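Reader: I am new to reading structures. Please take a close look at one part with me, and then show how it sits among its neighbours.

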Amino acid sequence: MKVSIHGAHVIDPSSGLDRVCDIHLDGGRIAALGAAPDGFDAEQQIAAHGLIAAPGLVDLAVSLREPGYTRKGNIASETRAAAAGGVTSLCCPPRTKPVVDTPAVVELILDRAASAGHARVFPLGALSKGLEGEQLAELIALRDAGCVAFTNGLAPMANNRVLRRALEYAATFDLTVVFKSQDADLAEGGLAHEGPTASFLGLPGIPESAETVALSRDLLLVEQSGVRAHFSQLSSARGVEMIAAAQARGLPVTADVALYQLILTDEALVGFSSLYHVQPPLRSRADRDALREAVKSGVVSAIASHHQPHEPDAKLAPFGATEPGISSVELLLPLALTLVEDGLLDLPTLLARLTCGPAAALRLPVGQLGVGAHADLVLFDAKAQTLAGEHWLSRGGNSPFIGHCLPGAVRYTLQGGRISHQA
Amino acid sequence: MTPTDAKRPLQLNDQGQLRHFLSLDGLPRELLTELLDTADSFLEVGARAVKKVPLLRGKTVCNVFFENSTRTRTTFELAAKRLSADVITLNVSTSSTSKGETLFDTLRNLEAMAADMFVVRHADSGAAHFIAEHVCPDVAIINGGDGRHAHPTQGMLDMLTIRRHKGGFENLSVAIVGDILHSRVARSNMLALKTLGCPDIRVIAPKTLLPVGIEQYGVRAYTDLAAGLKDVDVVIMLRLQRERMQGGLLPSQGEFYKLYGLTEQRLALAKPDAIVMHPGPINRGVEIESAVADGAQSVILNQVTYGIAIRMAVLSMAMSGQQAQRQFAQGDAQ
Amino acid sequence: MTLPDPAALLARMAAELRAHLTRRGIQDPLFVGIHTGGVWVARALLEELGQSDTPLGVLNVSFYRDDFSRHGLHPQVRPSALPFDVEDRHLVLIDDVLMSGRTVRAALNALFDYGRPASVTLACLLDLDARELPIRADVLGATLSLPPDQRVKLLGPAPLALELQTLAASH
């Protein structure tokens with residue numbers, strides 16, 4: 001299939017390309033930028049004048065809920081929602097039922113994702129069997145089945161000794177470990193950032209130290225083991241400060257933040273809306289501002305949706321009895337563009353954090369527009385607006401942004417040269 | 001874009017009258033004063049031979065307690081009965097697998113039985129808000145205590161106690177002593193005292209039992225009981241739950257009593273006419289000495305009496321406001 | 001329409017009340033005024049009778065009204081205060097304006113929750129001739145017939161004055 005996209009303003013943060021030019025796709029790859037190759041006979045023409053063309057977004061954390069939690073979402077529904085958000089590649093965390101700790105589960109996910117065909121799916125494998133923290137999962141078998149990195153999520157490893165061994169084992173085979181650093185004991189029972197808002201609402205707090213205590217241990221063990229490490233969903237100012245310090249002393253660690261944590265603060269909890277119940281929690285304004293700064297400076301090189309769709313019942317209870325998470329992948333691009341609209345980032349920097357930044361963090365072969373690269377693109381109108389929730393695709397309606405008017409509108413998402421979303 | 005919810009006065013109707021009673025946050029001073037005045041009138045009713053008035057005749061009040069309580073449940077029941085309402089009390093266990101579904105379904109079922117008002121106690125902070133917002137918005141919801149968040153009727157009965165014994169709030173020093181962190185009573189008291197114009201509110205506890213950011217309530221935090229009690233007019237003692245000894249919050253009841261227990265000797269540091277309050281049930285020898293609890297300065301039993309009057313006032317005002325809102329909405333629809 | 005002078009009405013009420021009590025053989029009745037206008041009238045009447053020192057009961061009927069479902073709770077409820085035991089006593093119940101009779105009905109119910117009086121005599125400054133219940137004053141200052149859009153309001157406590165009010169057209 002040959003496709004020509006005409007007249008788009010192309011921004012490819014990985015190469016610095018930032019100009020109006022045509023893009024020609026052939027066989028799922030980018031054939032040329034600018035003039036068409038000799039004898040190129042496009043079967044499909046996309047008039048993209050006035051639109052911005054960027055690499056398809058790469059989202060490091062999208063819960064697909066399948067297998068096991070299909071009342072919340074499934075691979076087809078959530079990858080479809082992702083395409084609407086401009087996403088062409090995504091990583092799904094291993095917290096499914098069964099957990100992603102055997103090649104069979106990986107194969108199931110990849111098969112269903114391929115047959116749905118809405119996005120490339122890169123599964124994250126469980127670091128320990130059943131995510132129970134006791135025994136290592138078969139990391140090499142999982143890698144061979146298609147896992148791009150390994151994580152235990154928010155579930156703790158049994159103890160520091162087991163964690164250390166897991167990291168050393170992963171380092172032996174140059175595997176990447178994704179950390180969600182939160183000390184389970186300090187966070188136990190917590191529902192909100194420990195601060196004035198949680199105190200006022202009488203919600204048990206999760207102190208900043210739940211993140212920093214775990215993070216400092218994790219960084220020391222990463223340094224000792226030499227494992228490739230990525231730190232996911234940092235939530236605090238002190239946390240990003242520690243990542244910056246580690247990077248400054250030469251530790252090659254990367255980090256991402258949840259997009260909603262660049263926008264919301266714990267003040268949103270006043271009124272007890274369970275839509276704002278997330279883990280790690282929304283923190284203070286100062287924390288949010290530090291996260292934004294770190295995204296700008298590049299200490300945090302990736303923004304992820306941390307999409308967690310839920311069925312209505314999961315949120316229909318008093319705050320503490322609800323399940324944490326926001327259904328967020330579907331609004332990834334327009335919600336991210338609010339950061340540009342608010343003057344926090346320029347568009348190329350934002351796109352870098354959504355494309356080549358995350359791709360590099362987990363060594364994914366996507367996220368750029370060079371000739372020969374995967375023909376994964378998003379075409380969007382930066383001047384149009386998206387009314388969030390108007391055509392909702394995710395199974396999970398648990399988004400506090402529904403009803404808001406957001407800047408920018410995704411017009412086309414192309415994955416492997418095929419249109420995966422059009423609006 | 002600012003995607004934070006504008007704070008809506010969920011508990012007030014379009015005319016600014018009470019229609020739910022969820023928390024003291026956001027309630028104006030005039031409304032709290034009106035509540036205290038109304039409660040004063042009901043106190044007079046409680047002193048008569050016939051302690052009943054026909055105000056809520058034909059209305060049904062459901063007490064739904066997801067958390068055990070004897071005193072609060074009984075006083076709410078008595079308050080509803082003295083208003084001539086029909087009262088149903090349900091003790092709902094929270095041990096069911098899915099708490100949320102139980103809560104939602106239980107209340108929907110009760111609503112279908114044409115209950116006019118729910119009094120709800122629940123272990124989760126925000127439970128009453130959730131019910132008022134998402135489950136039964138057209139039924140008046142009274143918060144009988146939600147998690148650590150609020151216990152507004154206890155807060156107001158404490159205010160009635162203070163006003164009746166001290167005349168007002170303008171020149172008072174009030175100390176709240178004990179487990180502030182886990183106490184919904186303390187939170188409601190701090191808000192009420194602030195709104196009613198009390199200039200000197202003190203909280204006294206070790207750091208493990210003080211919530212982060214306590215200053216937002218406009219209070220001064222003390223870790224030393226003697227310093228905190230100096231010249232106060234009112235001492236409010238809080239109940240210390242036994243389970244606080246686990247998990248490192250406190251070493252022992254004995255050590256807590258030694259440091260924060262209210263004894264006659266320590267009470268002497270307060271003003272000579274200071275009153276001693278406690279939301280009950282009291283732990284003698286843990287947070288308070290028997291001689292103090294039963295002493296001349298104790299108004300602990302008066303609090304119970306005032307509690308009935310406050311709850312009568314809350315029930316009748318909220319029923320009145322909810323009805324007005326319904327009529328207003330119907331008028332709007334026509 | 002010219003409204004009567006309350007002072008003249010009070011003189012007449014005092015005379016009528018004396019006659020009524022004598023006729024019934026009632027001695028040392030207890031006086032109860034309905035909050036707030038009835039209390040003003042009661043004080044003025046006691047003064048007119050030369051009994052200003054007689055204790056006066058104050059009755060608030062907010063909790064007994066039959067219009068709670070329509071109008072809710074009155075926002076300025078004040079406690080009732082009866083500084084005496086009503087059981088087996090003769091009472092004089094005093095209100096300012098008798099209209100539908102519903103306030104008096106509420107007051108009678110409230111009184112009976114304090115005990116069983118031997119009798120209740122009703123004294124009112126004005127009767128607006130708009131009865132909805134079979135309730136009539138034993139002692140009356142004057143009867144007024146007003147057009148449906150007009151009400152009369154008592155100003156007080158001292159001196160008492162009457163004011164004519166026109167209701168806003170209801171929609």
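How many helices and strands does chain A have?

Author: Keep in mind that this is a predicted model. Chain A has 12 helices and 20 strands.

Start with the overall form of chain A. Its C-alpha atoms fill a box of roughly 65 × 50 × 45 Å along the principal axes. Now test that against a simple expectation. Chain A has 423 residues, so a compact globule of that length would have a radius of gyration near 22 Å. The value for chain A is 21 Å, which agrees with the expectation.

Look inside chain A next. Of its 423 residues, 61% count as buried. A residue counts as buried here if 20 or more other C-beta atoms lie within 10 Å of its own. Then ask how far apart in sequence the touching residues are. Take the contacts in chain A between residues at least 6 apart in sequence. Of these, 75% join residues at least 24 apart.

Chain A also touches a neighbour. In that interface, 30 residues of chain A are in contact with 29 residues of chain B. On the chain A side, helix α6 (residues 196–201) gives the most, with 4 residues. Sort the chain A side by class and you get 17 nonpolar, 10 polar and 3 charged residues.

Now move to chain B and its other partner. Here 19 residues of chain B are in contact with 15 residues of chain C. Two elements of chain B give two or more residues to this side: α1 (29–46) and α11 (300–333). The largest share comes from α1(B), with 7 residues. By class, this side of chain B has 8 nonpolar, 6 polar and 5 charged residues.

Finish inside chain C, with a pair of helices. Helix α1 of chain C covers residues 6–24, and helix α2 of chain C covers residues 37–48. Their axes come within 9 Å and cross at roughly 65 degrees. Angles of 65 to 115 degrees count as roughly perpendicular. Therefore α1(C) and α2(C) are roughly perpendicular to each other. Their crossing is right-handed.

Which residues make this contact? From α1(C) come C:Leu10, C:Ala11, C:Met13 and C:Ala14. From α2(C) come C:Ala44, C:Leu45 and C:Glu48. By class, the contact of α1(C) with α2(C) has 6 nonpolar residues, no polar ones and 1 charged.

Conventions: Residues are numbered from 1 along each chain as its sequence is written. Chains are lettered from A and ligands numbered from 1 in the order in which they are written. This is a predicted model: local features need pLDDT of at least 70, side-chain atom pairs count only at pLDDT 80 or more; totals for chains, interfaces and linings use all residues. Two residues are in contact if their C-beta atoms, placed from the backbone, lie within 7 Å. Ala, Val, Leu, Ile, Met, Phe, Trp, Tyr, Cys and Pro count as nonpolar, Asp, Glu, Lys and Arg as charged, and the others, Gly among them, as polar. Axes are lines fitted to C-alpha atoms, for helices over the stretch in contact, and angles run from 0 to 180 degrees between N-to-C directions. Angles under 35 degrees count as roughly parallel, over 145 as roughly antiparallel, 65 to 115 as roughly perpendicular and the rest as oblique. A crossing is left-handed if the near helix is turned anticlockwise from the far one by less than a right angle, and right-handed if clockwise. The radius of gyration is taken over C-alpha atoms; the globule rule is 2.2 Å times the number of residues to the power 0.38. A residue is buried if 20 or more other C-beta atoms lie within 10 Å of its own, exposed if 12 or fewer, and partly exposed in between; C-beta atoms are placed from the backbone.
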